[in-house]
Amino acid sequence: MQLRYAFRLDPGSGQRVALARALGCARVVYNDAVAARERARREGAAFPSAGVLSKTLITEAKRSPGRQWLSEVSAVILQQALRDVERAYSNFFASVKGVRKGARVGAPRFRSKRDARQAIRFTAKDHRGGAAASPPSCPPCCPWPWACCTASTWAPPG
C-alpha cells in the first residue's frame, strides 16, 4: 500500500528561496522535455526515450556553463519532472487512442512560473531535498506527521 500526505507549507525566507529554486529547475527540465518531444514530432523523428532525455536535459545540461544552476537542486526533482512529462504524454496518447477512460486529455503544455499550480515530487530515497522540502522529524510509528510535530512551519492539510 502506498500512502500520500498533503502538507500546507509556511516556509521561512531561506526556505522560500530553496523552494523557488527547486520549482524553477523542475519547470525548466519539464519545459525542455516538452520542447524536445515537440521538436521530434515536427521533424518526423522518433520521440527521444526517457534515458536520452535524462542524459541530455539533466546530466549534460548540468555540465554546460549556461545551466550549471541545475546542479544546485536534487537530481530526484529533475528526474521526477521527466517522469511527469512521460506520464503526460502516455495519458495523451492513451486518450487519443480511446484506451484511457474519462474525458479526453490534451497534449502536454509548457509550464509557466506565473501559474499558481507549481509542484515538485520527491521519492523516499531523496536525501538532498533540503530544509524547504523535508518534513520535521516524527517518530517512525506516526502515520500523521503534522499531529505530533512542534514545528510551526508545518500545518495539516485543509
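Reader: What do the side chains of Arg37 and Glu86 do?
Author: They meet in a salt bridge, 3.4 Å from N to O. The term stands for a side-chain nitrogen of Lys or Arg within 4 Å of a carboxyl oxygen of Asp or Glu. Arg37 lies in helix H1 and Glu86 in helix H3, so the pair ties together parts that are 49 residues apart in sequence.

Reader: Before we go on, what sort of model is this?
Author: A predicted one: local features need pLDDT of at least 70, side-chain atom pairs count only at pLDDT 80 or more, and totals for chains, interfaces and linings use all residues. Residues are numbered from 1 along each chain as its sequence is written, and side-chain values use heavy atoms, with hydrogens and water left out.

Reader: OK. Is Arg37 buried or exposed?
Author: Arg37 is buried, at a relative accessible area of 6%. Buried here means under 20%, exposed means over 50%, and partly exposed is in between, using a 1.4 Å probe and protein chains only.

Reader: And Glu86? What does that one count as?
Author: Glu86 counts as partly exposed, with 27% relative accessibility.

Reader: How many salt bridges does the count come to?
Author: It comes to 5. One of them joins the side chains of Arg21 and Glu72, at 3.0 Å from N to O. Arg21 sits in helix H1 and Glu72 in the loop between H2 and H3, so that pair ties together parts 51 residues apart in sequence.

Reader: How accessible is Arg21?
Author: Arg21 is partly exposed, at 37% relative accessible area. Glu72 counts as partly exposed too, at 47%.

Reader: Which residue does Arg41 meet in a salt bridge?
Author: Glu38, and the N to O distance is 3.0 Å. Arg41 and Glu38 both lie in helix H1, 3 residues apart, about one turn of the helix. Glu38 is buried, with a relative accessible area of 19%.

Reader: Let's zoom out. What's the secondary structure of the chain?
Author: It comes to 4 helices and 2 strands, in the order β-α-α-α-α-β along the sequence. These are DSSP runs numbered from the N terminus: H or I for helices, at least four residues, and E for strands, at least two.

Reader: How much of the chain counts as buried?
Author: 28% of its 158 residues.

Reader: Back to helices. At what angle do H1 and H3 cross?
Author: Roughly 40°, and the axes of H1 (residues 13-43) and H3 (residues 75-97) come within 8 Å. That makes H1 oblique to H3. On the angle classes, under 35 degrees is roughly parallel, over 145 roughly antiparallel, 65 to 115 roughly perpendicular, and the rest oblique. The axes are lines fitted to C-alpha atoms, for helices over the stretch in contact, and angles run from 0 to 180 degrees between N-to-C directions.

Reader: Which residues in H1 and H3 meet?
Author: On H1 they include Ala22, Cys25, Val29, Tyr30, Arg37 and Glu38, and on H3 they include Leu78, Leu82, Glu86, Tyr89 and Phe93. The H1 and H3 contact divides into 15 nonpolar, no polar and 4 charged residues. Contact means heavy atoms within 4.5 Å. Ala, Val, Leu, Ile, Met, Phe, Trp, Tyr, Cys and Pro count as nonpolar, Asp, Glu, Lys and Arg as charged, and the others, Gly among them, as polar.

Reader: How do H2 and H3 pack?
Author: H2 (residues 50-63) and H3 pack at about 145°, with their axes 11 Å apart. Their contact involves residues including Leu53, Leu57 and Lys62 of H2 and Leu78, Leu82 and Glu86 of H3. By class, that contact has 7 nonpolar, 2 polar and 2 charged residues.

Reader: What about the axes of H1 and H2?
Author: They come within 10 Å and cross at roughly 130°, which makes H1 oblique to H2. Val29, Asp32, Ala33 and Ala36 of H1 make the contact with Leu53, Leu57 and Ile58 of H2.

Reader: Last one: what does Asn31 touch?
Author: Phe110 and Arg111, leaving aside residues up to four places away in sequence. Asn31 is found in helix H1 and is buried, at 16% relative accessible area.
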